[in-house]
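Please open the model in your viewer and keep a selection panel at hand.

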Amino acid sequence: MNYVVIHVTQGSYAGSISWFQNPASQVSAHYTIRSSDGALTQSVREKDVAWHAGNWTYNTQSIGIEHEGYVSQPSWFTDAMYRSSAALTLHLCDRYGIPKDRSRIIGHNQVPGATHTDPGPHWNWTYYMQLVTGSTPPPTGWSQTVDNSTAGRFTAGTGWGTSTYSSQKQGADYRFADPVESSDPAWYRVAVPETGSYRVEAWYPDDPGYNSSAPYIIATTTGNQTVYVDQRSGGGAWRNLGTFTLAAGDANRVAVSRWTGGTGLVIADAIRVSRV
């Protein structure tokens, strides 16, 4: 990979993802980022070619990142969006050896032969590049929520079932599994903008039949740390697991493991990571 190409969807987050899933559209992008909270969905694997740049040579050499909103409406370009996108771009540059400068991190309008104008005059390139290069730290209050149904952000093995039983769930459903003497973790992936201290919280529905000691694994800069949660109570709200030092980049950050001495179903619903 030689380039990261920045786009604006000219439409909604959900609508754009749906459009990429439609073969008749003949367009796609690797990632799409939501305006309100910086949530991220991956539609095309990085090793595969996405049809986003309007130039075959650039398509084959680049990762395309779409941003929810409209070129003419700067209110869509929120700080949460900038920071989530910059963390992703930083990760991609480090992974593929792409220089962190404006010759390789470009707008769609900079692609040779482009007829599009995105990201347009309201995209703050100075601020964005400061975030990518690490010269602007994330403020206290940065937060990213990942639900078990967030596309490209949650992975679990076949031993995990899906339920809509509890009204305390976050989102449309949640995952459950019997405890076993093997880890078989369900992982949440988070794009952390900068190495630093982050509060990690969990959301789960509670029930007397849920696990008395569910292991939450947090991947910190000094190794994995485990926090045990009694999922029989305290559900339907954010449960603070503690504050941890997390490394910058896009990676699996929090897992729910099935390996526990507790009894009852282990639940994986949602997690939230916040800068402190």
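How many nonpolar, polar and charged residues does the lining of the largest pocket have? That lining has 9 nonpolar, 16 polar and 2 charged residues, where Ala, Val, Leu, Ile, Met, Phe, Trp, Tyr, Cys and Pro count as nonpolar, Asp, Glu, Lys and Arg as charged, and the others, Gly among them, as polar.

The model is predicted, with local features requiring pLDDT of at least 70 and side-chain atom pairs pLDDT 80 or more, while totals for chains, interfaces and linings use all residues. Residues are numbered from 1 along each chain as its sequence is written, and side-chain values use heavy atoms, without hydrogens and water.

**First stop: the largest pocket**

About 460 Å³ of space lies in the largest pocket. Select V27, H52, E66, H108 and H116, which are the closest to its centre of the 27 lining residues. A pocket is an open set of points on a 1 Å grid over the protein atoms alone, with protein on both sides within 12 Å along at least five of seven lines; a lining residue has an atom within 4 Å of a point. A volume is the space filled by probe spheres set on the points, which are joined across faces, edges and corners. Next, colour β1 (3–8), α1 (13–20) and α2 (56–61), each of which supplies at least two residues of this lining. Helices (H or I, at least four residues) and strands (E, at least two) are DSSP runs numbered from the N terminus. Helix α1 gives the most, with 4 residues.

**Second stop: the second largest pocket**

Select Y13, I17, R34, D37, A39, T41, T145, D147, T150, A151, Q170 and G171, which line the second largest pocket. Its volume is about 150 Å³. The elements giving two or more residues to this lining are α1 and β6.

Now select A39, L40, Q144, T145, V146, T150 and R153, which line the second largest cavity. A cavity is a set of grid points where a 1.4 Å probe fits but cannot get out. This one has a volume of about 30 Å³. Strand β6 (residues 143–147) contributes the largest share of its lining, 3 residues.

**Last stop: a helix pair**

Display helix α3 (residues 79–96) and helix α4 (residues 125–133), whose axes come within 8 Å and cross at roughly 45 degrees. Axes are lines fitted to C-alpha atoms over the stretch in contact, with angles from 0 to 180 degrees between N-to-C directions. The two helices are therefore oblique to each other, since angles under 35 degrees count as roughly parallel, over 145 as roughly antiparallel, 65 to 115 as roughly perpendicular and the rest as oblique. To see the contact (heavy atoms within 4.5 Å), select D79, Y82, R83, S85, A86, T89 and L90 of α3 with Y127, Y128, L131 and V132 of α4.
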